Amino acid sequence: MLNLVLFGPPGAGKGTQSQNLIQKHALIHLSTGDLLRNEIAKGTELGLEAKKLMDAGLLVPDEVVISMISNKLDAEKDARGFIFDGFPRTVAQAAALDTLLESKGAGISGMIALEVKDEELQTRLLLRGKESGRPDDANPEVIGKRITEYNNKTAPVASYYKEQNKYKSINGIGTVEEIFTALNEVIEKY
Ligand code: ADP
């Protein structure tokens, strides 16, 4: 199996690159942000609770996202592999993902981080907010909160994979094609 963790701050381009990668490598895209927004759209209890946190730029609890991912892994038994986008976002989530995959005789092939500077992220997210209507992209204060959550809770996840020699980073500034090429150069070595 090819199981990739696509890593990087909000606005780094994980969603865009995931779409290209799933096509080329026949993988399944698992984005916890998309799964949560889907729950909100359906108006479920989980969605209502998550929305309050997401609109404030805060992470939703680990148990919630871990159980969503666990359900998806169970539902996609014949998958060639997965791209994890926006997950794991805490070290606890990373450890839980390893346990879930191990129980299926699989593991993470590697983490690839897209590197983009904070100023560029602010600009990209505000632009996306105008186009997508995502409430968490429209407000500079909420964007700031998300970047702080990222630096405090999510950045340590990189060390988790570095310790396992599974971490690579690439420049996240450039055209979509240039970044896609750089990603594939890393993936070809797995
Ligand atoms: P972005 O990467 O642009 O912040 P996402 O769609 O990945 O966007 O996430 C949107 C929001 O959903 C996050 O700010 C957070 O509130 C919540 N979320 C998504 N994934 C997770 C996760 N793995 N753990 C906790 N919260 C999450």
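This is a predicted model: local features need pLDDT of at least 70, side-chain atom pairs count only at pLDDT 80 or more; totals for chains, interfaces and linings use all residues.
User: Why is alanine 26 called partly exposed?
Analyst: Its relative accessibility is 43%. Buried means under 20% and exposed means over 50%. The value falls in between, so alanine 26 counts as partly exposed.

User: How do you know whether asparagine 165 is buried or exposed?
Analyst: Its relative accessible area is 73%. The cut-off for exposed is over 50%, so asparagine 165 is exposed. This residue sits in the loop between helix H8 (140–163) and strand S5 (167–171).

User: How do you know how the span of H1 compares with the expected one?
Analyst: H1 (residues 14–25) has 12 residues. From first C-alpha to last it reaches 16 Å, close to the 16 Å expected at 1.5 Å a residue.

User: Which residues of H1 are buried, and where do they lie around the axis?
Analyst: They are Lys14, Gln17, Ser18, Leu21, Ile22 and His25. They cover an arc of only 135° around the axis, which puts them on the same side of H1. Their packing partners include strand S1 (2–7), strand S4 (110–115) and helix H9 (176–187).

User: What kind of peptide bond joins phenylalanine 87 and proline 88?
Analyst: A cis bond, with omega about -5°. Most peptide bonds are trans. Proline 88 is in the loop between S3 and helix H5 (91–102).

Conventions: Residues are numbered from 1 along each chain as its sequence is written. Side-chain values use heavy atoms; hydrogens and water are left out. Helices (H or I, at least four residues) and strands (E, at least two) are DSSP runs, numbered from the N terminus. The expected span of a helix is 1.5 Å times one less than its number of residues. Buried means under 20% relative accessible area, exposed over 50%, partly exposed in between (1.4 Å probe, protein chains only). The arc is that of the directions from the helix axis to the C-beta atoms. Contact means heavy atoms within 4.5 Å.
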